[in-house]
Amino acid sequence: MNDITFFQRFEADIVAGRKTITLRDEAESHFLPGQRLRVGRYEDDVYFCTIEVISVAPVLLSELTDEHARQENMTLPQLKEVIGEIYPGLNELYVISFERVATN
Ligand SMILES: CC(=O)Nc1ccn([C@@H]2O[C@H](CO)[C@@H](O)[C@H]2O)c(=O)n1
């Protein structure tokens with residue numbers, strides 16, 4: 001069983017260490033620093049790596065900066081568009097920062 005899933009289009013960036021945060025809603029805000037999470041693809045739940053949670057912190061959509069976007073390997077407009085598609089109308093998000101620790 002996986003602990004968290006990402007859309008398949010982000011797999012390569014996560015595995016390469018180019019994507020080091022994810023923005024989630026309250027339902028996925030319960031992860032704790034130091035936890036190791038098995039990561040799978042949203043589309044088929046196939047495991048693809050393990051990450052260690054560094055921190056979890058609330059952030060408003062309006063507070064997102066170029067630094068968040070850089071950590072997503074996107075531009076800020078791209079990031080806001082993606083969030084608007086995944087979480088339409090949601091302003092209160094949680095930034096989960098992580099480090100990729102293993103691939104098995
Ligand atoms: C079921 C479900 O919510 N799955 C999600 C949710 C979010 N994300 C990524 O986190 C960042 C900001 O939201 C962007 O990179 C998103 O694509 C994801 O990959 N998969």
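Biologist: Which residues is Glu92 in contact with, leaving aside its neighbours within four places in sequence?
Modeller: Glu92 is in contact with Val59 and Leu60, once neighbours within four places in sequence are left aside. Keep in mind that this is a predicted model.

Biologist: Okay. And where is Glu92 found?
Modeller: Glu92 is found in strand S5.

Biologist: Does Glu92 count as buried or exposed?
Modeller: Exposed, because its relative accessibility is 56% and the cut-off for exposed is over 50%.

Biologist: Switching topic. Where does UniProt place the feature "active site"?
Modeller: The UniProt record, an unreviewed entry, places "active site" at Lys19, Thr22 and Glu72. They span 54 residues in sequence, yet no two of their C-alpha atoms are more than 8.0 Å apart, so they gather at one spot. Lys19, Thr22 and Glu72 are also taken in by the lining of the largest pocket.

Biologist: Let's take Lys19. Where does it lie, and is Lys19 buried or exposed?
Modeller: Lys19 lies in the loop between helix H1 (11–16) and S2. Lys19 counts as buried because its relative accessibility is 3%, and buried means under 20%.

Biologist: What does Lys19 touch, not counting residues up to four places away in sequence?
Modeller: Phe6, Phe10, Asp13, Ile14, Gln71, Glu72 and Phe98.

Biologist: And Thr22, buried or exposed?
Modeller: Thr22 counts as buried, at 4% relative accessibility. Thr22 lies in strand S2. Not counting residues up to four places away in sequence, Thr22 touches Phe6, Glu72, Tyr94, Val95, Ile96 and Phe98.

Biologist: What's the lining of the largest pocket like by class?
Modeller: By class, there are 11 nonpolar, four charged and two polar residues in the lining.

Biologist: Which element gives the most to the lining of the largest pocket?
Modeller: Helix H3 does, with four residues. Strand S1 (4–6), strand S2 (21–24) and helix H3 (76–86) each supply at least two residues of that lining.

Biologist: Tell me about H3, then. Which residues in H3 are buried?
Modeller: Leu76, Leu79, Val82 and Ile83 are buried in H3. They cover an arc of only 125 degrees around the axis, which puts them on the same side of H3.

Biologist: Why would residues three or four places apart point the same way?
Modeller: Because an α-helix has 3.6 residues a turn.

Biologist: What do the buried residues of H3 pack against?
Modeller: They pack against S2, helix H2 (66–71) and strand S5 (92–102).

Biologist: And which exposed residues sit on the face of H3 turned away from its buried side?
Modeller: That face carries the exposed residues Pro77, Glu81 and Glu85.

Biologist: Last one. Where does UniProt place the feature "domain: ASCH"?
Modeller: The UniProt record, again an unreviewed entry, places "domain: ASCH" at residues 4–102. Over residues 4–102 the chain is 38% strand and 23% helix. The end C-alpha atoms of that stretch are 15 Å apart.

Terms used: Residues are numbered from 1 along each chain as its sequence is written. This is a predicted model: local features need pLDDT of at least 70, side-chain atom pairs count only at pLDDT 80 or more; totals for chains, interfaces and linings use all residues. Side-chain values use heavy atoms; hydrogens and water are left out. Ala, Val, Leu, Ile, Met, Phe, Trp, Tyr, Cys and Pro count as nonpolar, Asp, Glu, Lys and Arg as charged, and the others, Gly among them, as polar. Buried means under 20% relative accessible area, exposed over 50%, partly exposed in between (1.4 Å probe, protein chains only). The arc is that of the directions from the helix axis to the C-beta atoms. Contact means heavy atoms within 4.5 Å. UniProt positions are given in the numbering used here, feature names are shortened, and annotations may be inferred rather than shown by experiment. On a 1 Å grid over the protein atoms alone, a cavity is a set of points where a 1.4 Å probe fits but cannot get out, and a pocket is an open set with protein on both sides within 12 Å along at least five of seven lines; lining residues have an atom within 4 Å of a point.
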